[in-house]
Every structure is written in structure tokens, then in C-alpha cells.
Amino acid sequence: MLQLFTHSVCLQHDPGPGHAESPARLRAVLEALDQDRFATVDRIEAPRATREQLLRVHTPAHVDRILAITPESDTVRLDEDTLMSPASAEAGLRAAGAVVAAVDAVMTGQALRAFCAVRPPGHHATPNTAMGFCLFNNIAVGAAHALAAHGLKRVAIADFDVHHGNGTQDIFQRESRVLFISTHQQPLYPGTGGADEHGVGNIINAPLSPGEGSYEFRTLWSDVLLPRLHAFKPQLVLVSAGFDAHQRDPLANLELQAEDYAWITERLVDLAHAHAGGRLVSTLEGGYDLQALAASASAHVSALME
């Protein structure tokens, strides 16, 4: 069974007119998932992440700073790209809470797999900094919860967003129980993710060059990354599902198609079946062309249902 975690407040987080990370992104995903073929997906309202859950990966000062920003109107700018509106703190809590709840669901057998259709995204948020549209690191909060609450010894995070998940890497680079694997365009924001960044042997970055597409992406995963994931034998597979490596995306220069997201998802599902009892949790990261985002998210969720 596939469960979908989301919350209406995630549509109310509004960075302002013309911002790439707009409510229209999540609306496009949810509308795409309203098709009849997704009728069997169990839809769950995302709870708030607790302070304890957030503090496993973020500093108290960071959590307090974000939760204290509740403007009555307009927006507050945290950096050039990252803004908060009146509903943003609540949306951030629900986005992180969705991944925690999804981890609980798959670990307790309520679901086999889960997709978190939430925003703001999370993988750029470091222990003490909100950046790159991200407030809390949703996938990291979920991974840390899997370690602490469920006693797991091997959690894999696969990140195929076009931007490197610098925050996730920062959080886990000394945590050998977490294997972080990322494909991303380089050079590109945030400027991290070099192939020479290894953590304690648990970080594997596989940069792609501008203009590269399906062949290079699939070859990297098939020949290098999936074998490393299988060797790790994860007890839980987590996915930072960014769809901005799509050919249509305005913020990057890779050439993927929706079919590539179906392809990698199928192989991550196979990985979960081989080592983790099928348990896989995915959460939405980037994707800024609405047509490409809807098609890619549909392809991803379809593959999660198999």
C-alpha cells in the first residue's frame, strides 16, 4: 500500500510573486495525483514535527529562529532565495512532520511505501541555516527519526534533485549509519557536491555536467550508485525527489524526461524490496516547470505503486 502525506497549509506558504518555489508547484503535483489511477493511494494529513524530532538534526537556535518568524502579512527574507510568509513556519513543521509520519507508517507496517507531497522543500537546510528555499531538512529529520525511534542501523538517502543536497550531507557526513547518495548538476547552486566529498565513507556524490541527460544519468546510477546502495543493504530507503533535472526546468541545464524518474524510482523500489522489506519513503524537493513537475511526480508515484 502507498500512502500520500500532505497538508493544506503547505499551499499557504507563499514566498511572494514571481518566486520559483510557489504554491502552484504543490498544487500541480496534487492535481496530477487526483487522476483515477491514483485512487487507491491512501491520503493522510501530515502532522507537525515535534521540537524533539527537529533537534535531532537542527540546532535549538535554528529551530527557535524559524518558529519565531510568523509575520502578520507580507514576507520576511532569510536570504536572497528563502522567504517566509505568515503560514511558512507551520508549513515547515508539517513538511518535516510528514516524513516522520511516513517513516513511522512504513516501519510499523501501515504502509509499504509513502510519498510526502509537501513544501517548503528541505535538502538545503543545514543544522543552523535555512537556505535554498528550505527551512527544515525534511528528509534528514525523517532519517534521524528512523535511527532514534526505530533503532535502524542502515538508512540510505537517494537524492536525484538537480541541486546538491548540501544540508543533508552536512547533517550526516559523520554518521556512518546513513549512506547519502546524490546525482546533481555541477556547477550549480549551492556549489557543493564534489566527487571528492566522502564524509566518513558514507557520502557519494556523482555530479553531472550541463547538457547531460538520460544516458549519463542512468549509466551513473546503474554502474556506480545502485551497486553501492545494494552493498550497503539499507533497512530503509529514503528519497529526496526533486524533479528539476527535467529538460524543461528553468533553474538548471540537465536533459532528463519524466520516464527517467520512473526508471530510477523502479530501481529504488527494487533496492527496498531486496534489503528493506520494501520500505521506502519519498519526499518532494525541487521542480520548477509546472508541466514537467506534474508529469515527473506522476511517473514517480506510479512507480512507487508497483
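Student: How do the axes of helix 7 and helix 8 cross, and within what distance do they come?

Tutor: This is a predicted model, where local features need pLDDT of at least 70, side-chain atom pairs count only at pLDDT 80 or more, and totals for chains, interfaces and linings use all residues. Residues are numbered from 1 along each chain as its sequence is written, and side-chain values use heavy atoms, with hydrogens and water left out. The axes of helix 7 and helix 8 come within 11 Å and cross at roughly 10°; axes are lines fitted to C-alpha atoms, for helices over the stretch in contact, and angles run from 0 to 180 degrees between N-to-C directions.

Student: Why is helix 7 called roughly parallel to helix 8?

Tutor: Angles under 35 degrees count as roughly parallel, and the crossing is roughly 10°, so helix 7 is roughly parallel to helix 8.

Student: What makes Thr6 buried?

Tutor: Buried means under 20% relative accessible area, with a 1.4 Å probe and protein chains only; Thr6 has a relative accessible area of 17%, and therefore counts as buried. Thr6 has its place in strand 1, and its contacts, leaving aside neighbours within four places in sequence, include Leu26, Leu30 and Ile44.

Student: What makes strand 1 and strand 5 a pair?

Tutor: Two strands pair if DSSP finds at least two bridges between them, and four bridges join strand 1 (residues 2-6) to strand 5 (residues 113-116), which run parallel. One example is Leu4, whose bridge partner in strand 5 is Phe115.

Student: In what order do the eight strands of the open sheet stand, and which strands are at its edges?

Tutor: The order is 2-1-5-10-9-6-7-8, with parallel pairing. Strand 2 (42-45) and strand 8 (203-208) each have a single partner strand, so one side of each is left without a neighbour in the sheet.

Methods: Helix = DSSP H or I, 4+ residues; strand = E, 2+ residues; numbered from the N terminus. Buried < 20%, exposed > 50% of the residue type's maximum accessible area, 1.4 Å probe, protein only. Contact = heavy atoms within 4.5 Å. Parallel < 35°, antiparallel > 145°, perpendicular 65-115°, else oblique.
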